[in-house]
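Subject: Structure handover

Hello,

Here is the structure I said I would pass on.

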Amino acid sequence: MKRIKAVGVSAVLESTVVFKIWVMNKATRSGRWPVIGHIPLSDELLKPVAFAKQDVISKAFCIHVGGKEVPASIEECRNLECAAVWSAEHVEDRLQDHFEGQPNKRVESMRIG
């Protein structure tokens, strides 16, 4: 597998956000992703992100945003990111797929609708 090249803080700051997700603590604490700097987040990056969820037992849908879950329809959830906590390896695969212009198999497998 081809690795994504390391970049500096300025390159990160100039980049477009391609997705916002939850990531396992291990990803940031293991040393796999070296810390390249600390900056305050912009108001835009601090906004809560809405995630879609479907209960495995009841099959009911909800939207999780800002620590709260609100019942929702499948249509309301269809275009949202599915709630999941990602491992470092899976985030890297997803970024690689994004930059190669191909769908990510994990995103596709979790897609609602």
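Two strands are said to pair if DSSP finds at least two bridges between them. Helices (H or I, at least four residues) and strands (E, at least two) are DSSP runs, numbered from the N terminus. This is a predicted model, in which local features need pLDDT of at least 70, side-chain atom pairs count only at pLDDT 80 or more, and totals for chains, interfaces and linings use all residues. Residues are numbered from 1 along each chain as its sequence is written, and side-chain values use heavy atoms, with hydrogens and water left out.

The sheet

The model has an open sheet of four strands in the order S4-S3-S2-S5, with mixed pairing. Its edge strands are S4 (68-72) and S5, each of which pairs on one side only.

Strand S2 (residues 51-54) runs antiparallel to strand S3 (residues 61-65), and four bridges join them. Within this pair, Phe-61 of S3 is opposite Gln-54. S3 is also antiparallel to S4, over five bridges; Cys-62 has Pro-71 in S4 as its bridge partner. On S2, the pairing with strand S5 (residues 81-82) is parallel and takes two bridges, with Ala-52 opposite Cys-82 in S5.

The turn

S2 and S3 make a hairpin with six residues between them. Lys-59 lies in that loop and has a phi near 70 degrees, a positive value in a residue other than glycine. For context, most residues other than glycine have a negative phi. Lys-59 is partly exposed, at 49% relative accessible area. The classes are buried (under 20% relative accessible area), exposed (over 50%) and partly exposed (in between), with a 1.4 Å probe and protein chains only.

The surface patch

Val-17, Leu-41, Leu-45 and Leu-46 make a nonpolar surface patch of about 370 Å². Patch residues have over 30% relative accessible area and no salt bridge; like charges are joined within 9 Å, and nonpolar side chains (Val, Leu, Ile, Met, Phe, Trp, Tyr) within 5 Å. A salt bridge is a side-chain nitrogen of Lys or Arg within 4 Å of a carboxyl oxygen of Asp or Glu.

Helix H5

His-90 belongs to helix H5 (residues 88-99) and is partly exposed at 28% relative accessibility. His-90 and Arg-106 are 16 residues apart in sequence, and their C-alpha atoms are 8.1 Å apart.

Regards

Key. Accessible areas come from the Shrake-Rupley method with a 1.4 Å probe; for residues, only the protein chains shown count as cover.
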